Amino acid sequence: MAIMGVQMVVTLLVASIMQRISPHYSFGRWLLCNGSLFRYKHPTEDELLTLVGKQKPKGKRERRFNGVTEEKALTVPRDINLHLNTQPITTIDALVLRYFLEYQWFIDFSLYSTFIYLFTEGYYCLVDASSEVNIGVLWCLLTVIFSVKVLFTVMQHYFRSEEGGERSVCLTFAFFFLLIAMIVMIVREEYLEFGLEPGLTSFCDNLERFLVHHGWQWSVPFTKLAFKIMLVALCSFLGGCLTFPGLRLAQTHLDALKMTADRPLLQLLLHASFLPPVIVVVLWIRPITRDLLLNAPMGKESVQLMSNSAYNSFRLWIIVILCLLRFAMTRFHLQAYLCLAERWVDQMKREAGRISVLEIQRKISRIFCYLTVVALQYLAPVILTFHCVLLLKSLGDYSWGLYPEPPGLSPAVDYPPTPPASSSDEDEDSEDVQVAVDQIMGALGALRSLFTPIFFRGLFAFLTWWVSVCQIITSLFGLYFHQYLGSS
């Protein structure tokens, strides 16, 4: 198996370009600072006092017992005629945003990972590179890991909140998703066609054969149970991480619809971008989609609309298109979030009493400071779903429909024989290197014999489906909360 090749050269080249160009040009930075997003500037003390017809008091202080003096807080009526000024977001403004560097690096890495995957796909179409390691798969795996890490980092931010309400919400939804995952695990393949059970059976059989081949008389009766327990725990963890992204998506979706009330075509696209998780979940419900498309009832007879491989390719393309559609709506959701400042001012005007100038400034500034957090909550689930689909295609030996899919997958792949050990009398460096290479190739061959394409099909199909389930539940709860329970 050749490790160094064209793919490795391209990978090193892209990594070098990413390191050198990112400080000067960043796609993540451009996404926020291209001039299409504008923020609301908080008013100064002089502007607020001018609106109420007063001047800033001079030297009005209160003295404490320890000799420390402090200025008395300035207050203004809540029904003040305040109108916020807007300003396009610049790079200087973005540098002060919370988690901006993490956001910029994550978006850039995801983009470069996608470029490398597309290159490897084209490379495999033109060249028979079955003996090489698919570098694009490694980049996609890293992107999936970093997506989960970003979501976990954002969730940690809520856990550190002083109020503690956000922590309770995350824990409640994590426990709720734990129950749902346990129910899903007992649903038969006739209804949810992930292929998780055949893939797990293939892995257990190959593992047992591998151990027997190496002289270990050990069966693995509890491997399936242990794997499912770990998968359920992962589902609960992902559900907790995706809780606030789903709630935030519901809020920005409603605000974006209000912001584009006079643009019906754009509202239609916003509704379409809100539905992808529902469509993804339905695509793996066998009685609704596959049975109808493969054997559609036409009177007393059934007509096959597409082949099994064509449906697999169709499902991959649908998910990719839906992810691109949601990504295209990023600007409108982020702008809807920034407009919360103007919405809060309008709500303040309808209240009675007085409010401090510092509280007005802090509230408006805080909305802008959390812009990158909202961007990560919106984009990370999309990137996670997108790269899970890419891994499902490559590791599951699916096809994009541009070239034929492999004819069949054996649930058990024969493991390669263990390379013979070299004689202890051979001391030359070249022979030692050859022995090391043989051992590495034998280990990689053993891993390929254990983790077969049918196993990866079940695993990544389930993960793709589960991420969409979490988004559906949390976003629907968010819609109900913001429309009926939240304050208007």
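Helices (H or I, at least four residues) are DSSP runs, numbered from the N terminus. This is a predicted model, where local features need pLDDT of at least 70. Residues are numbered from 1 along each chain as its sequence is written.

**Exercise 1.** Which loop holds Asp-397, and is Asp-397 buried, partly exposed or exposed?

*Solution.*
1. Locate the residue. Asp-397 sits in the loop between helix H18 (371-395) and helix H19 (429-450).
2. Check the backbone. Its phi is positive, about 55°, although Asp-397 is not a glycine.
3. Apply the cut-offs: buried is under 20% relative accessible area, exposed over 50%, partly exposed in between (1.4 Å probe, protein chains only).
4. Asp-397 has 28% relative accessibility, so it counts as partly exposed.

**Exercise 2.** Where is Tyr-99 found, and is Tyr-99 buried or exposed?

*Solution.*
1. Tyr-99 lies in the loop between helix H4 (91-94) and helix H5 (100-126).
2. Phi of Tyr-99 is positive, near 60°, and the residue is not a glycine.
3. The relative accessible area of Tyr-99 is 16%, so Tyr-99 is buried.

**Exercise 3.** How do the axes of H10 and H20 cross?

*Solution.*
1. Take helix H10 (residues 243-259) and helix H20 (residues 453-485): their axes come within 7 Å and cross at roughly 50°. Axes are lines fitted to C-alpha atoms, over the stretch in contact, with angles from 0 to 180 degrees between N-to-C directions.
2. Classify the angle. Under 35 degrees is roughly parallel, over 145 roughly antiparallel, 65 to 115 roughly perpendicular, the rest oblique. H10 and H20 are therefore oblique to each other.

Methods. Predicted model: local features only at pLDDT ≥ 70, side-chain atom pairs only at ≥ 80, totals over all residues. Heavy atoms only, no water. Helix = DSSP H or I, 4+ residues; strand = E, 2+ residues; numbered from the N terminus.
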